[in-house]
Amino acid sequence: AVPLHFNHACAALDFRIVNASDNEITAIRNIYLTGLYNQGNFYFDILGTAEWEITGNRITENNIYRDDSCALPTNNTLPVNVNYKHPLFDTGALLVVPQEIYKTDVKLCLEYSTSTSKDPIDREILLGNIGSSAPTEWVAGQKYTYTLTITDDYITSDVVVVDWVDHYVDL
């Protein structure tokens with residue numbers, strides 16, 4: 001048997017939501033990212049060296065990574081994983097082109113409803129400015145799990161970065 005190890009060419013983003021507000025979150029109505037690159041050329045040579053060349057512009061609010069709707073459990077057992085419905089969907093993670101995010105306008109926007117809100121609540125957080133322990137870039141083959149804590153007034157975030165090695169194959 002020859003073990004093969006697959007290295008992902010993209011970075012994976014996973015978002016978990018924790019409710020720290022006084023109100024029950026009844027539905028995530030919309031979640032999307034803006035300010036990131038979503039196009040590039042991937043180069044891989046015979047020595048195994050891989051690199052990305054960014055070819056497009058940062059996406060704006062008119063062209064976003066977006067989900068339609070995600071209802072949370074009625075018993076409010078959080079955190080829950082947000083289910084993305086995007087062409088780059090892969091087992092609950094959003095695949096992105098590796099890129100610098102430190103001090104950029106990469107922003108997560110969240111629209112949700114609570115048990116007491118008549119209108120949806122809109123919140124956003126800059127992912128490249130969330131603290132000294134935050135990653136400065138999204139690296140190929142790494143998985144970034146952002147835990148978004150919703151309070152009554154704002155969103156905070158913690159991130160855990162791990163090697164993204166979900167699959168091994170023995171031949």
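Is Thr114 buried or exposed? With a relative accessibility of 7%, Thr114 counts as buried, where buried means under 20% relative accessible area, exposed means over 50%, and partly exposed is anything in between (1.4 Å probe, protein chains only). Before going further, a word on the model: it is predicted, so local features need pLDDT of at least 70 and side-chain atom pairs count only at pLDDT 80 or more, while totals for chains, interfaces and linings use all residues. Residues are numbered from 1 along each chain as its sequence is written, and side-chain values use heavy atoms, with hydrogens and water left out.

Now for the overall picture. The chain has 17 strands and zero helices; both kinds of element are DSSP runs numbered from the N terminus, with helices (H or I) needing at least four residues and strands (E) at least two. Of the 171 residues in the chain, 40% are buried. The chain exposes about 9,700 Å², and 48% of that comes from carbon and sulfur atoms; these areas come from the Shrake-Rupley method with a 1.4 Å probe, and for residues only the protein chains shown count as cover. Among contacts with a separation of 6 or more, 67% link residues 24 or more positions apart, a contact being a case of heavy atoms within 4.5 Å.

Two strands pair if DSSP finds at least two bridges between them. By that rule, β2 runs antiparallel to strand β10 (residues 93-96), joined by three bridges, and Leu13 has Leu94 in β10 as its bridge partner. With strand β15 (residues 142-150), β2 pairs in the parallel sense over eight bridges. In that pairing, Asn19 stands opposite Ile150 in β15.

Another pair is made by β4 and β5, which run antiparallel and are joined by five bridges. They form a hairpin with five residues between them, and Gly48 in the turn has a positive phi of about 90 degrees. Phe44 stands opposite Ala50 in β5. Glu51 also sits in β5, and this residue touches Asn41, Phe42 and Tyr43, leaving out residues up to four places away in sequence. The C-alpha atoms of Glu51 and Asn41 are 8.4 Å apart, with the two residues 10 apart along the chain.

Rolling a probe the size of a water molecule over the atoms shows where empty space is left. On a 1 Å grid over the protein atoms alone, a pocket is an open set of points with protein on both sides within 12 Å along at least five of seven lines, whereas a cavity is a set where a 1.4 Å probe fits but cannot get out; lining residues have an atom within 4 Å of a point. The largest pocket holds about 240 Å³ of space, and of the 15 residues that line it, Asn7, His8, Ala9, Phe44 and Ala50 are the closest to its centre. That volume is the space filled by probe spheres set on the points, which are joined across faces, edges and corners. Both β4 (40-44) and β5 (50-54) supply at least two residues of the lining, and the largest share, three residues, comes from β5. The lining splits into nine nonpolar residues, five polar and one charged. Here Ala, Val, Leu, Ile, Met, Phe, Trp, Tyr, Cys and Pro count as nonpolar, Asp, Glu, Lys and Arg as charged, and the others, Gly among them, as polar.

Back to Thr114, which is in strand β12 (residues 107-114). Not counting residues up to four places away in sequence, Thr114 touches Asn23, Glu24, Ile25, Thr26 and Ile121.

Lys103 lies in the loop between β11 (99-100) and β12, and counts as exposed at 60% relative accessibility. Most residues other than glycine have a negative phi, yet phi of Lys103 is positive, near 55 degrees. Asn129 lies in the loop between β13 (121-126) and β14 (137-138) and is partly exposed, with a relative accessible area of 41%. Leaving aside neighbours within four places in sequence, Asn129 is in contact with Lys103 and Thr104. The C-alpha atoms of Asn129 and Tyr102 are separated by 6.4 Å, although these residues are 27 apart along the chain.
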